[in-house]
Amino acid sequence: MNSSEAMSEASRREVRAELEPSLARLWRYALVLSKARDVADDLVQATCLRAIERADQFVPGTRVDRWLFAILRSIWLNEIRSRRIREGGGFVDAEETLTTDGAHEIEMNITASAVLRAIDRLPEAQRETVLLVYGEGYSYAEAAAALGVPIGTIMSRLASGRAALAKLK
Amino acid sequence: MFDDDAQLVALIDNELDNSSKTALLARLAADEDLRRRYEELRLTGAPLATSFDLLLGDAPLARLRAALPPEDAAARVQPRRFAFRNLAAAFVIGALAAGAAIWAASTFGLFDGRDDWRTAIAEYTHLYTDETFAPFKPDAAMQATELSAVGAKVGANLTPENLTLPGLRFTTAFMLSYEGAPLGVIAYVDPSGEPVLLCILVDQAPDAPTRSERRGDLSLAWWARGGRSRLVIGRIPEERAVALAQTLEKRI
C-alpha cells in the first residue's frame with residue numbers, strides 16, 4: 001500500500017467510525033433545516049452514503065462531524081430544497097415541527113417545547129445559525145465560514161433568534 | 001429586536017473584540033435599560049442549548065443505524081438503494097465532497113504552506129452554489145457598510161462605485177483568514193445566481209501582473225499590488241475572469 005492509499009484507508013476508517021456517533025446530531029441539523037421528519041431521515045441517509053462514497057477525500061485529522069455537516073447542508077441546498085422549490089411547492093410549515101416529548105420546564109419558566117416552537121417560527125437561515133452556534137458550538141467565525149456569510153450576518157441572525165425567545169417570558 | 005441586540009448577544013457569547021467589549025461594558029454600566037435588555041437576552045442562552053439537547057433524544061436512531069451502509073460499502077455501494085440518487089448531479093457529488101474536505105482542511109489550518117491560498121479558495125468555492133449568495137440583496141447603505149468594513153480589514157478602499165462589475169450583482173462581503181492573514185471576500189452573482197468572488201489577501205506579496213488559470217470548472221485570475229494579492233474566481237470563462245481582474249486592477 002503506497003502512502004496515498006494508506007491515507008485514503010485512514011480517511012475511510014475515520015469517516016466510518018464517526019458516522020454512527022454523529023447520527024443524532026446530523027438528524028437534528030436536518031430537522032432544523034427541513035422542518036420535516038421524513039425529509040430529515042432521508043437527508044441523514046443520503047449524507048452517510050455520500051460520506052462513505054467520498055471518504056477518501058476526507059482529510060484525516062480534521063473534524064469529521066463538520067465535514068458531515070457540510071455534506072448534509074449541500075445536499076439540502078443543492079438537491080432537496082431546490083427540487084421542492086422548482087416543483088412549485090416550497091416547504092409547508094407544519095405546525096410544531098420542532099417538538100420534543102415532555103414538558104421539560106427550563107430556565108425562564110418556559111418549556112423546551114415553547115422554545116422549539118419559537119425556533120420553528122424563525123426563518124431557515126436563522127434556525128440554522130442558532131443551531132450551529134448554540135447547539136453545535138460553532139464560533140461565529142466558524143459559522144460564518146460554513147455558511148458563507150459575514151460575521152455581521154451571523155450576529156444579526158443570533159440576535160434575532162434570541163430576541164424571539166426573549167419575548168416568550 | 002433592538003438596535004444593540006447583536007452587540008449584546010456577541011458580548012454574552014464572548015465574541016466581541018476587546019475594544020468593542022470595553023465600549024459596550026462602559027455603556028452597560030451607565031444605562032439601566034441596556035442592562036435590562038442584556039439580561040433578557042442572556043437568559044435565553046440556557047433554554048436554547050437545553051432545547052437543542054432534548055431534540056437529540058428524538059432522533060430515530062434505530063432506523064438511522066439500520067439504514068447505514070455496511071462496512072464494506074465504499075467498495076460496492078449501490079446508490080440506487082437511496083432515494084436521492086436521481087437528484088444528484090455527478091459534478092455536485094464530486095465537487096461537494098472534495099470541496100468539503102479541503103474546506104475543512106483550510107478552515108482548520110491544515111494547509112500550513114503545503115498549498116497556496118488560491119488552492120484553498122478554489123476548493124471552498126466548489127461548495128458555493130447558485131443559491132449560496134443569490135438570496136442576499138443588500139441595499140446601497142448595507143453594501144457600503146459591508147465593503148467599508150472589509151476594506152478596513154484588508155487596507156483597501158472598497159466602495160460600491162469602484163467594485164461595480166458588468167453583468168454581476170454584489171451580494172455580500174465578509175472576512176476569512178488564510179494562515180493568519182486577513183482575507184476579504186466580496187461575493188457577486190451573475191444573473192443565474194452563479195457566484196463570482198473577489199478575494200483580497202494581505203500577504204505582502206510583491207507586485208505582479210494579472211495571470212490566470214483553470215482549475216476544474218473554475219477560472220482564476222490574480223494579481224498583486226501594494227502588499228495584497230487579489231483573486232477573481234468563479235465558474236466563468238477564463239477570459240472573463242481576466243477581464244474582470246483587469247477592470248478591478250485599475251480601481252482598487
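This is a predicted model: local features need pLDDT of at least 70, side-chain atom pairs count only at pLDDT 80 or more; totals for chains, interfaces and linings use all residues.

**Finding our way around**

Me: OK, and how do strand S2 and S3(B) pair?
Reply: Strand S2 of chain B, residues 181-189, pairs with S3(B) in the antiparallel sense, over seven bridges. Another facing pair there is B:Ala187, which stands opposite B:Leu197 in S3(B).

Me: What's in the hairpin of S2(B) and S3(B)?
Reply: Five residues sit between the strands, and B:Gly193 takes a positive phi near 95°.

Me: Is S3 enclosed or open?
Reply: Strand S3 of chain B covers residues 195-202, and seven of its eight residues are buried, so the rest of the structure largely encloses it. S3(B) also pairs with S6(B), in the antiparallel sense and over seven bridges. There, B:Val202 stands opposite B:Arg228 in S6(B).

Me: Zooming out, what's the strand order in the sheet?
Reply: The order is S1-S2-S3-S6-S5-S4 in chain B; it's an open sheet of six strands with antiparallel pairing.

Me: Which strands stand at the edges?
Reply: Strand S1 (169-178) and S4 of chain B do; each has a single partner strand, so one side of each has no neighbour in the sheet. From one strand to the next, the twist averages 15°.

Me: Tell me about the S4 end. How many bridges join S4 to S5(B)?
Reply: Six bridges join strand S4 of chain B (residues 208-215) to S5(B), and the two run antiparallel. One pairing to look for is B:Ala208, whose bridge partner in S5(B) is B:Ala224. S4(B) and S5(B) form a hairpin with two residues between them, and B:Gly216 in the turn has a positive phi of about 60°.

Me: And S5 itself, how many of its residues are buried?
Reply: Seven of the eight residues of strand S5 of chain B (residues 218-225) are buried, so to speak mostly covered. On to the next strand: seven bridges join S5(B) to strand S6 of chain B, residues 228-234, and these run antiparallel. B:Trp222 has B:Leu231 as its bridge partner in S6(B).

Me: What does the hairpin of S5(B) and S6(B) have between the strands?
Reply: Two residues, and B:Gly226 takes a positive phi near 60° in that hairpin.

Me: Switching to chain A. What is it built from?
Reply: Chain A has seven helices and two strands. From the N terminus, the elements go α-α-α-β-β-α-α-α-α. Chain A has 169 residues, and 52% of them are buried.

Me: How do H6 and H7 of chain A sit against each other?
Reply: Helix H6 of chain A (residues 140-147) and helix H7 of chain A (residues 151-166) have axes that come within 8 Å and cross at roughly 105°. H6(A) and H7(A) are therefore roughly perpendicular to each other. On the H6(A) side, the contact is made by A:Tyr140, A:Ala141, A:Ala143 and A:Ala144, and on the H7(A) side by A:Ile151, A:Ile154 and A:Met155.

Me: Which residues have the most contacts inside the largest nonpolar core?
Reply: Those are A:Ala30, A:Leu72, B:Cys199 and B:Val232, in a core of 114 residues. Nonpolar side chains tend to be buried together in soluble globular proteins.

Me: What is A:Ala30 in contact with?
Reply: Leaving aside neighbours within four places in sequence, A:Ala30 is in contact with A:Ala40, A:Leu43, A:Val44 and A:Leu72.

Me: Back to chain B as a whole. What's the tally?
Reply: Chain B has ten helices and six strands. Of its 252 residues, 37% count as buried.

Me: And what confidence does chain B get?
Reply: The mean pLDDT of chain B is 79, with 82% of its residues at 70 or more.

Me: Last one: what scores does the complex get?
Reply: The predictor gives the complex an ipTM of 0.84 and a pTM of 0.56.

How values were computed: Residues are numbered from 1 along each chain as its sequence is written. Chains are lettered from A and ligands numbered from 1 in the order in which they are written. pLDDT is the predictor's confidence in each residue, from 0 to 100. A nonpolar core is a set of buried Ala, Val, Leu, Ile, Met, Phe, Trp, Tyr and Cys residues joined through C-beta atoms within 7 Å. A residue is buried if 20 or more other C-beta atoms lie within 10 Å of its own, exposed if 12 or fewer, and partly exposed in between; C-beta atoms are placed from the backbone. Two residues are in contact if their C-beta atoms, placed from the backbone, lie within 7 Å. Helices (H or I, at least four residues) and strands (E, at least two) are DSSP runs, numbered from the N terminus. Two strands pair if DSSP finds at least two bridges between them. Axes are lines fitted to C-alpha atoms, for helices over the stretch in contact, and angles run from 0 to 180 degrees between N-to-C directions. Angles under 35 degrees count as roughly parallel, over 145 as roughly antiparallel, 65 to 115 as roughly perpendicular and the rest as oblique.
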